[in-house]
Amino acid sequence: MRVERPGDRRFARMAGAVAVVLGMALGALVAGLPGAGAGLLAGALIGLGLRRVLDRGTARRRDAVAAPFPGEWREFLREAYDHYERLPEEWRGRFEEDLRLFLSEKRITGVGVDATDELRLLVAASAVTLSLGWPEYEWEQLTEVLLYAGDFDRDYTVGEEELSGQAHGWGTVILSVPSLYQSFEYPDDAYHVGIHEFAHILDVDHTHFDGIPVGLDGDLARRWVEVAEKEMEALRRRRRSAFDEYGAREPVEFLGVAVEAFFEIPQLVRRRHREVYDILSAYFGQDPAAWDDARGLRE
Ligand SMILES: [Zn+2]
């Protein structure tokens with residue numbers, strides 16, 4: 001994620017120009033020449049206002065990363081998140097910056113549960129794990145994260161053990177707090193509800209999911225569809241697989257399950273499912289199996 005977004009400036013300039021022209025045209029239509037003048041003024045004011053709003057966003061992001069990373073947050077991440085430990089030094093610095101930008105930009109709301117700093121850190125850590133290799137990425141499709149006090153069912157009744165998380169096409173992610181804690185507690189069981197649901201958000205294209213993440217294009221996308229089909233078939237036939245059988249349901253779920261395994265048991269995925277590993281590694285711009293090699297871990 002970036003503190004300054006060059007796109008914001010371009011957008012403000014363009015929208016300002018459109019507002020001026022529209023204001024003038026509308027003013028001229030309603031009241032002739034004096035109307036055009038008033039319209040021009042109104043349009044210019046709208047343009048300036050927009051620029052101020054966007055500048056405030058930049059200032060907010062700058063503030064978010066200005067102070068040193070809080071020591072207690074670092075301590076907490078070290079304890080709670082094995083993946084943070086796995087990251088090479090320079091990646092860890094970027095992780096901390098992205099974490100703070102994510103927290104300053106995204107709404108995380110507790111529903112019947114207190115959205116503590118710890119929980120917010122776990123949510124942000126889940127998302128940023130996926131996007132760390134993309135400096136420009138902003139999680140724009142994500143509108144809000146809701147934290148539920150427990151697992152829930154399709155009517156959103158908490159206490160039913162049907163779902164531990166859900167991602168909607170319009171950008172809301174729901175996470176069950178106990179399942180989120182459990183995901184961090186067991187770092188190498190290929191289960192992580194946060195990573196799973198945020199992987200679904202990467203797949204959202206105009207509110208639809210199709211199992212091919214946005215940004216995976218051309219040859220890689222074709223190879224992904226083929227290999228996903230092959231792996232899903234192997235899961236259905238109950239062949240030995242590093243992936244959870246939940247991934248056999250549909251391509252959308254295979255993507256979620258494969259991304260969980262890619263970050264939780266990368267060496268095993270690399271050995272047994274090389275093609276999946278290579279595509280995801282190219283897509284995310286990350287090589288977690290090599291990071292585990294480097295810290296002397298074996299499968
Ligand atoms: Zn899913």
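Analyst: Happy to! Helices here are DSSP runs of H or I with at least four residues, numbered from the N terminus. This is a predicted model, where local features need pLDDT of at least 70 and side-chain atom pairs count only at pLDDT 80 or more, while totals for chains, interfaces and linings use all residues. Residues are numbered from 1 along each chain as its sequence is written, and side-chain values use heavy atoms, leaving out hydrogens and water.

Let's look at helix H5, residues 117–131. The expected span of a helix is 1.5 Å times one less than its number of residues. For the 15 residues of H5 that should be 21 Å, and the end C-alpha atoms are 21 Å apart, which agrees.

Next, its surroundings. A residue is buried when its relative accessible area is under 20%, exposed when over 50% and partly exposed in between, using a 1.4 Å probe and protein chains only. In H5, 12 of the 15 residues are buried, so the helix is largely enclosed by the rest of the structure. Among them are Leu-119, Leu-122, Val-123, Ala-125 and Ser-126.

Those five residues, together with Glu-118, meet Val-177, Leu-180, Tyr-181 and Phe-184 of H6, where contact means heavy atoms within 4.5 Å. Helix H6 covers residues 177–185, and its axis comes within 11 Å of the H5 axis, crossing at roughly 65°. Axes are lines fitted to C-alpha atoms, for helices over the stretch in contact, with angles from 0 to 180 degrees between N-to-C directions.

Methods
Helix = DSSP H or I, 4+ residues; strand = E, 2+ residues; numbered from the N terminus.
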